[in-house]
Amino acid sequence: MYYFLIIKNITNLSGKQSEFAYICRKSLFVVKMKKKPIVALIYDFDGTLSPGNMQEFGFIQAIGKTPEEFWKISDGIARGQDASNVLSYMKLMLDEASKSGIKLRRSDFRKFGAHIRLFEGVKEWFRIVNEYGEAHGVKIEHYINSSGLKEIIEGSPIAGAFKHIFACTFLYDENGEAEWPGIAVDYTAKTQFIFKINKGIFSARDNKKVNESVAEDKKRIPFQQMIYFGDGETDIPSMKIVNMFGGNSVAVYNPKFPEKKAFAQKLLRQGRVNFITPAVYSKESRTFRVVCAIIDKIKADWELKQLARYR
Ligand SMILES: [Mg+2]
């Protein structure tokens, strides 16, 4: 900003564009060209990166139930009292852990997270996408936007790949044990986090900055530079928002279940997503091809925008 002011004054003083100002402008243009666009890859967790619900990889077994039993009771609470599905499962976790004498400290959740199963290629995915971004002049950032538990995801082997994890959390008592829901993420909360990523806000609690008016060119990651991955109903509003504002949404499906593919196809037909792909994340996968092509387009659009600014 200051450089532009100086250049403008020099131009005014001399009455014509001086050689110095011309060089400065050229240099600034080069500096500006060197800046990289950020591409945000935003993932739902359960069913998108992992083939099950995260509670099914240790916690449910620890309380002596089957996943079917646990989710049936949880759905019963929500349906019976017309309550939030998310708050119902969080309460059930606390109640069942207490009945079974299981402590739920952050460290305990992380231990459950260590056993999470992931879809094929997920462990290498973040590295190969980051390398592609690096080679093609974009900065890649990965985010989680999940109705599952942040503490469990933090224990998973891929936790370090994420710039930020937006997910449900508990409040902890003076002994460090979970006692009450702190953040419950349903489908509308998921959309809120898309706007936070857009504006560069990394607090789930924040309700001020996210609603402040910010000029489009000042937003940290424009929607056009977002790729949203999801598999279920709670992802639909986020997919639609990203898609509507010029970004890309991808519905992934577990290739072992035809009904999951049918659901993804429905989202594509309804215009909620731009692409569908099996939840396979290897370098040879369709998912990688789709993402590389989107990154190429984002980079080209960004570069054309920079070139159009040159006067
Ligand atoms: Mg899901």
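Trainee: Which residues of helix 4 and helix 5 meet?

Mentor: From helix 4 they are Ile73, Ser74, Ile77 and Ala78, and from helix 5 they are Asn85, Ser88, Tyr89, Lys91 and Leu92. Residues are in contact if their C-beta atoms, placed from the backbone, lie within 7 Å. Five of the residues in this contact are nonpolar, three are polar and one is charged. Here Ala, Val, Leu, Ile, Met, Phe, Trp, Tyr, Cys and Pro count as nonpolar, Asp, Glu, Lys and Arg as charged, and the others, including Gly, as polar.

Trainee: What should I keep in mind about the model and its numbering?

Mentor: The model is predicted, with local features needing pLDDT of at least 70 and side-chain atom pairs counting only at pLDDT 80 or more, while totals for chains, interfaces and linings use all residues. Residues are numbered from 1 along each chain as its sequence is written.

Trainee: And what counts as a helix or a strand?

Mentor: Both are DSSP runs numbered from the N terminus: H or I with at least four residues for helices, E with at least two for strands. The chain has 12 helices and seven strands.

Trainee: Why are helix 4 and helix 5 called oblique to each other?

Mentor: The axes of helix 4 (residues 67-80) and helix 5 (residues 85-99) come within 8 Å and cross at roughly 125°. Axes are lines fitted to C-alpha atoms, for helices over the stretch in contact, and angles run from 0 to 180 degrees between N-to-C directions. Angles under 35 degrees are roughly parallel, over 145 roughly antiparallel, 65 to 115 roughly perpendicular, and the rest oblique. The pair is therefore oblique.

Trainee: What makes helix 7 roughly parallel to helix 12?

Mentor: Helix 7 (residues 122-135) and helix 12 (residues 286-309) pack at about 25°, with their axes 11 Å apart. That angle makes helix 7 roughly parallel to helix 12. Ile128, Val129, Tyr132 and Gly133 of helix 7 make the contact with Phe288, Val291, Cys292 and Ile295 of helix 12. By class, this contact has seven nonpolar, one polar and no charged residues.

Trainee: How do you know that the span of helix 4 agrees with what it should be?

Mentor: The expected span is 1.5 Å times one less than the number of residues. For the 14 residues of helix 4 this should be 20 Å, and the end C-alpha atoms are 20 Å apart, so the two agree. Helix 5, with 15 residues, reaches 21 Å, close to the 21 Å expected.

Trainee: Why does Asp82 count as exposed?

Mentor: A residue is buried if 20 or more other C-beta atoms lie within 10 Å of its own, exposed if 12 or fewer, and partly exposed in between, with C-beta atoms placed from the backbone. Asp82 has 6 C-beta neighbours inside 10 Å, so it counts as exposed. Asp82 lies in the loop between helix 4 and helix 5, and its phi is near 45°, a positive value in a residue other than glycine.

Trainee: And what makes Glu96 partly exposed?

Mentor: Glu96 has 19 C-beta neighbours inside 10 Å, so it counts as partly exposed. Glu96 is found in helix 5, where the buried residues are Val86, Ser88, Tyr89, Met90, Leu92 and Met93. Helix 4, helix 3 (59-62) and strand 2 (139-149) are among the elements that cover those buried residues.

Methods: Two residues are in contact if their C-beta atoms, placed from the backbone, lie within 7 Å.
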